[in-house]
Amino acid sequence: MENKLEKQLTSRHITMLALGGAIGAGLFKGAGEAIGIAGPAVMIAFLLGGIILFIVMKGLGRLVLHQEQHNSGLSGLIEPLLGGRAAHFTDWVYWSLWMINIIAEAVAAGSFLQLWFPHTPVWLFVLLIALLTTMINLYSVRLFAETEYWLAFAKISVIILLILFGGYLVIQQFFETGPQAFAQLTANGGFAPHGLKGLMNAMLVVIYSYGGSELIAITVSETADPKKAIPKAIKGVMGRIVSFYLLPLFLLMVIYPWQTLAHTSVSPFVMVFQKMHIPFATDIVNFVIVLALFSSINSGVYASSRTLYFRLKDRTDGPAQALTKLNGHRVPQRAVLFCTGTLYIGVVFSYFLGNDLFNYLVGSLSYSVLLIWLLISFAAWRLAQQQGQKLQLAIGSLAILALLIILCGIFATNNLVVTLVTAGLYGVILLSYRTAPLLKQA
């Protein structure tokens, strides 16, 4: 059997993967935290982050169009423009990003499930999640894509409901009080109560929230006509992603004082649903949060297993050959099993570190998301330079500068231990390029 992945993904799947990748549990659960960091000015942070995301993803689309053979994931886009070391670094950082993410999300999902089953240990939920994601990813890429499609559909449906309910409440408020209905946006310390520092700190949350959109680059080897499907998906979803963040945040901060949203113990979505007298509002939103977390874990297993496959498929050593072997459904089954095995390691760490584990992992993830975006942006900038596209060069330069400024902000605010451990991981990845086994000769 030829050791190649099967092209089963369509434009419909790619579009929902892009939407689902950028809209995670952070919006449903973490909106209050983001509002607390910057106040109403958090909308500016999400708008600026959305513009950066748009530039990064447009650059990614140009890289896909430029690539001649679509069989190598992110490294296949990076290597022709930035070299083999950058491609090696990109793949392993991206792989480690998803490995860390699925542990963080699985522990979080277990804690939310405990709201319904308080006497069930988290490790049992993580075990069930690991088994379910393993089965979905082992069967076929089509099953994975269909699962993600409907999970994304569920998340988007709840967001649209919030926009409709929130819009109704704002209109009702406007008819009762007139322009005073929007006073919450500038009251209680003003539009930007924490100034520029609050806006910068909020950007860290924004980049983390938007992270995952670049996952669609991993699908190039399993997409029918990727040069048409992927740029079409990128073009079609960018506006929707930003809207699904900005509109809910705007409506929430018109209806409630931003301090109320920042210090609530429940999701702001629950508050709106309760205000509309929707029965079981807490359970509905909790269910959607669990779905969003499961979607992220499912995508993480897919992205990490394919990245591992792309990185090792041309290596000659035995372990690499074993991990890249495909099953009857043309899925790298051992790579999938290896990546889902990380969930069990997460259970052990969560036993010793408890709730602090999530905070440590998220701190490391922020660096990795930014580095991947920077590498994509550098590659797109290099492509624009080669093609003599001055406008794209200027836009790309601004995006790179913005990302570097945000990276400095993360460095200034992140836990020093997390920063040092993450830097150590990156150092190991860079050094491993020299000691990598030789590739098979073509």
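1. A contact here means heavy atoms within 4.5 Å. Leaving aside neighbours within four places in sequence, Asn 201 has such contacts with Ile 37 and Thr 413. Asn 201 lies in helix α8; helices (H or I, at least four residues) and strands (E, at least two) are DSSP runs, numbered from the N terminus. At 22% relative accessibility, Asn 201 counts as partly exposed. The cut-offs: buried is under 20% relative accessible area, exposed is over 50%, and partly exposed is in between, with a 1.4 Å probe and protein chains only. From Asn 201 to Val 242 it is 19 Å, C-alpha to C-alpha, and 41 residues in sequence.

2. Some housekeeping before going on. This is a predicted model, where local features need pLDDT of at least 70 and side-chain atom pairs count only at pLDDT 80 or more, while totals for chains, interfaces and linings use all residues. Residues are numbered from 1 along each chain as its sequence is written, and side-chain values use heavy atoms, with hydrogens and water left out.

3. On to the whole chain: the secondary structure comes to 17 helices and 0 strands. The radius of gyration is 22 Å, which agrees with the value near 22 Å for a compact globule of 442 residues; that rule is 2.2 Å times the number of residues to the power 0.38, and the radius is taken over C-alpha atoms. Along the principal axes, the C-alpha atoms fill a box of roughly 75 × 55 × 40 Å. Buried residues make up 56% of the 442. Of the contacts with a separation of 6 or more, 84% come from residues 24 or more positions apart.

4. Back to α8, this time to Ser 209: that helix covers residues 195–210 and includes this serine. Ser 209 is buried, with a relative accessible area of 13%. Not counting residues up to four places away in sequence, Ser 209 touches Ala 22, Phe 46 and Tyr 245.

5. Now a helix pair. Helix α5 (residues 84–113) packs against helix α17 (residues 416–432) at an angle of about 140°, and their axes are 9 Å apart. Axes are lines fitted to C-alpha atoms, for helices over the stretch in contact, and angles run from 0 to 180 degrees between N-to-C directions. The two helices are therefore oblique to each other: under 35 degrees would be roughly parallel, over 145 roughly antiparallel, 65 to 115 roughly perpendicular, and the rest is oblique.

6. Who makes that α5–α17 contact? From α5 come Arg 85, His 88, Phe 89, Trp 92, Val 93 and Ser 96, and from α17 come Leu 425, Tyr 426, Ile 429, Leu 430 and Ser 432. These residues divide into 7 nonpolar, 3 polar and 1 charged, where Ala, Val, Leu, Ile, Met, Phe, Trp, Tyr, Cys and Pro count as nonpolar, Asp, Glu, Lys and Arg as charged, and the others, Gly among them, as polar.

7. Tyr 94 also sits in α5. With 0% relative accessibility, Tyr 94 counts as buried. Beyond its neighbours within four places in sequence, Tyr 94 is in contact with Leu 74, Glu 214, Leu 215, Ile 218, Ala 303, Thr 307 and Ile 372.

8. Last, a backbone check. Most residues other than glycine have a negative phi. His 277, not a glycine, has a positive phi of about 60°, and Phe 280, not a glycine either, has a positive phi of about 60°. His 277 is in the loop between α11 (268–275) and α12 (281–312), and Phe 280 is in the loop between α11 and α12. His 277 counts as exposed at 69% relative accessibility, and Phe 280 counts as exposed at 64%.
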